[in-house]
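Here is a short briefing on a predicted model. Read it with the structure open.

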Amino acid sequence: MTFQNLLVVTDDSIATVTINRPQALNALNAEVISELEMAISALQNDEAVRVIILTGAGEKSFVAGADIKAMAQMSASESRAFAHAGQRTVSLMQQGAKPIIAAANGFALGGGLELALACDFIYASAKAKFGLPEVGLGVIPGFGGTQNLTRRIGAGRAKELIFTGRVISAEKALAWGIVNEVCPPEALLATVLDVAREIATKGPLAVSRAKEAVQSGANMALDDAYRLEAALFGTLFATDDQREGMNAFIEKRPATFVGK
């Protein structure tokens, strides 16, 4: 896939999507959001891809936020459409069957943090910075940040970060539960690739059902979430991968999963 603002590279079963506007610190505009939606959709439908990594070009920024110059002249209706486009992309990332890992290599601010929160988990460079500074511009997060940050770290911490517009370090983001691990900058992508490869060796149908169980169950009453988990658990017993995985365990050999 060829895009103006993204680099998409697939190596074996791992696809790495790099937001590539380093001259603008990878800031998001309508074109980037549109391309990202297309890229994620295509990769989710590519049977050869098992895990997706999302990162930013250069050493300074994952995504430094939305393109303020582009937003400054938007009308209320235009800004609402921009928010809907961002939310559509975020939802596609969250609801897609394949796991997405954010490799936050630098500033993850505003829309950048919102994209990272839409990934299944986040690994961060020690130099990364995180925040939702929109209130300092007279607006609020519009790509799901008010909802997804609250679901990740609780209302109290989320309100503190959103209301103050503060930018926090990678270490504080780790302590608050925003990121899973902080890595030396030079080791970030290699570390994330190792995790992605580990996931890719597991049953792809099982991984996708696990993602669905966690993602959908989080917004259900516990009894309903249990029923969802049991239903998804049951469907996997009609797959070739379940038979292969259990037979491989019994036979003490590595499993070879095919996603069927």
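Ile68, Leu137 and Val139 make a nonpolar surface patch of about 260 Å² in this predicted model. Val139 sits in the loop between strand 8 (129-131) and helix 5 (145-153). Its relative accessible area is 42%, so Val139 is partly exposed.

**Helix 9**

- Helix 9 spans residues 204-217, 14 residues in total.
- From first C-alpha to last, helix 9 reaches 19 Å, close to the 20 Å expected at 1.5 Å a residue.
- Leu205, Ser208, Lys211 and Gly217 are the buried residues of helix 9.
- Two of the helices these buried residues pack against are helix 3 (76-95) and helix 10 (222-236).
- The buried residues of helix 9 also pack against helix 11 (240-250) and strand 5 (100-104).

**Salt bridges**

- The structure holds 10 salt bridges.
- Side chains of opposite charge can pair when their charged atoms come close.
- Arg166 pairs with Glu160 in a salt bridge, with the closest N and O atoms 3.0 Å apart.
- Arg166 is partly exposed at 46% relative accessible area, and Glu160 is partly exposed at 29%.
- Arg157 joins Glu160 and Arg166 in a network of salt bridges.
- Asp240 forms a salt bridge with Arg243, and their closest N and O atoms are 2.7 Å apart.
- Asp240 and Arg243 are three residues apart in helix 11, so about one helical turn separates them.
- Asp240 has a relative accessible area of 41% and is partly exposed. Arg243 is partly exposed too, at 39%.
- Arg253 forms a salt bridge with Glu251, the closest N and O atoms lying 2.7 Å apart.
- For Arg253 the relative accessible area is 33%, which means partly exposed. Glu251 is partly exposed, with 49%.

**Cysteines**

- How many disulfides does a search of the whole structure find? The count is zero.
- A disulfide is a covalent bond between the sulfur atoms of two cysteines.
- Cys119 counts as buried, at 3% relative accessibility. Cys183 is buried as well, with a relative accessible area of 3%.

- Asn26 has a positive phi of about 60 degrees, although it is not a glycine.
- Asn26 lies in the loop between strand 2 (14-19) and helix 1 (30-44).
- Is Asn26 buried or exposed? Asn26 is buried, with a relative accessible area of 0%.
- Lys252 is not a glycine either, yet it has a positive phi of about 55 degrees.
- The segment after helix 11 holds Lys252.
- Lys252 counts as exposed, because its relative accessibility is 76%.

Definitions and conventions. Residues numbered from 1 in each chain as written. Predicted model: local features only at pLDDT ≥ 70, side-chain atom pairs only at ≥ 80, totals over all residues. Heavy atoms only, no water. Patch = residues over 30% accessible without salt bridge, like charges linked within 9 Å, V, L, I, M, F, W, Y side chains within 5 Å. Areas by Shrake-Rupley, 256 points an atom, 1.4 Å probe, with all protein chains shown as cover. Salt bridge = Lys/Arg side-chain N within 4 Å of Asp/Glu carboxyl O. Helix = DSSP H or I, 4+ residues; strand = E, 2+ residues; numbered from the N terminus. Buried < 20%, exposed > 50% of the residue type's maximum accessible area, 1.4 Å probe, protein only. Expected span 1.5 Å × (residues − 1). Contact = heavy atoms within 4.5 Å. Disulfide = S-S within 2.5 Å.
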